[in-house]
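Dear colleague,

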Amino acid sequence: MLDLEFVRPRFPALTTDWALLDNAGGSVPLGAVADAVGDYMRRCMVQVGASYDLSREAAQRVAAGHRAAEELLGANEGEVVLGPSSTALAKLIARALRPLWKQGDAVVVTDLDHEANIGPWRELEASGIEVREWHVDPGTHRLELVGLEPLLDDRTRLVAFSHCSNIVGTIHDVRSIAARVRAAGALTCVDGVAFAPHRRVDVKALGVDLYLASLYKVYGPHLSALYGRAELLQRARSQNHFFVPEDAVPYKLEPGNVTHELAASLPAVPAYLRELDRHHGGAGTLDGAFERIAEHEAGLAEPLLALLSAHPRTRLIGSPDADPAERAPTISFTVRDLASSAVPTLLDRDRVAVRYGHFYAHRLIDRLGLALDQGVVRASLVHYNSVDEVARLVDGLNRALA
């Protein structure tokens, strides 16, 4: 297990007496991130691109933010676009790629994903792109390749799907799916938002074309990142001003530029992860840090999954197995004879913070027949959570379900 006496002091927001178990919507940031934002605003809040020293320093710090995002995703320099949210970045890249396709071409979306990686591609239907839907398997709550096969043909241009569901927590075999899509001559756009806080992302090893991650869910500021293969980003059409050259990547896909002070804080995230690995006896690598995180999170998830899979009144959505290779500790459930909206308020008295709803996976909630239950209750754990906090949740649920 992780040394939480090392971890938790690095997150100032954890000084609250609440057990913050709603992290899939946004983790609390590192103190070093908050400090870097403040320092930039106090010292470097000037225009970049000038010749004077302070402007050059500001530009260097913003550029370092891009390098940090590239490191977090395993991307090469220039292959990561920063933006305000994954939804905004998905909309941007969908518009940027549309001119490369002709009327009658097709994109594939799922009914499992967060709407961020569905809606932007569906909107292309208005301009003559056919939209096909890859259905979640109702038994496994997974995206199975057998369901994708009929949707792939010589008109398929892109398949958009999630690395990990923000409701079910299931981790998909992205490498295998991407290989199959590539063999069909199409691109992949993977929503890694619910995966990136928990496991190491390596876009090159995965073999994907586009990959989305929300950095404010990976202990950073409220920014998101879009990886795109260099050749694909070069071909994508500029979404910036008309005078921005088509070879100005990633700037041509960052209209209005990035938020400088937030970008400048990003190096604090990989720096913390390397420090975490070193503290636990590792070589100071991101791979090592995420291996330790995965082991710790599996231990956190086990008692909650055990309760929800065994209790006669609860329906666990997804696998009861805490195996970190199979699922993230994003755990959703419903309660028989109790609206999902009622459960979080019953836990408020225990100072346990969870939420209910569709969590922007509206189509999945409909697909699973959960709309009348007001969606699901979701507890989303991350590595800074403790065994004691999960025990408070389990005890609170036991009292609420009695």
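Buried area here is the accessible area, taken with a 1.4 Å probe, that two parts lose on being put together, summed over both. Please keep in mind that this is a predicted model.

The domain assignment divides the protein chain into domain 1, made up of 4-30 + 284-401, and domain 2, which covers 33-268. Taken over C-alpha atoms, the centres of domain 1 and domain 2 lie 26 Å apart.

Between them, domain 1 and domain 2 bury about 3,100 Å², and 56% of that area is on carbon and sulfur atoms. On the side of domain 1, Leu-30, Phe-290 and Arg-363 supply 21% of the area buried against domain 2, which is more than any other three residues supply. In terms of contacts, 40 residues of domain 1 meet 35 residues of domain 2.

As for polar interactions, 23 residue pairs are in polar contact across the interface of domain 1 and domain 2, and five salt bridges are found across that interface. The elements that give two or more residues to the side of domain 1 touching domain 2 are α12 (286-310), β9 (314-317), β10 (330-335), α14 (362-367) and β13 (376-380), and of these α12 gives the most, with six residues. Sorted by class, that side of domain 1 holds 24 nonpolar, eight polar and eight charged residues.

In the salt bridge that Arg-199 forms with Glu-297, the closest N and O atoms are 3.2 Å apart.

With best regards

Note on methods. Residues numbered from 1 in each chain as written. Predicted model: local features only at pLDDT ≥ 70, side-chain atom pairs only at ≥ 80, totals over all residues. Heavy atoms only, no water. Domains from an automatic or database assignment. Contact = heavy atoms within 4.5 Å. Salt bridge = Lys/Arg side-chain N within 4 Å of Asp/Glu carboxyl O. Polar contact = N/O pair within 3.5 Å; in protein donor to acceptor, adjacent residues only side chain to side chain. Helix = DSSP H or I, 4+ residues; strand = E, 2+ residues; numbered from the N terminus. Nonpolar A, V, L, I, M, F, W, Y, C, P; charged D, E, K, R; others polar.
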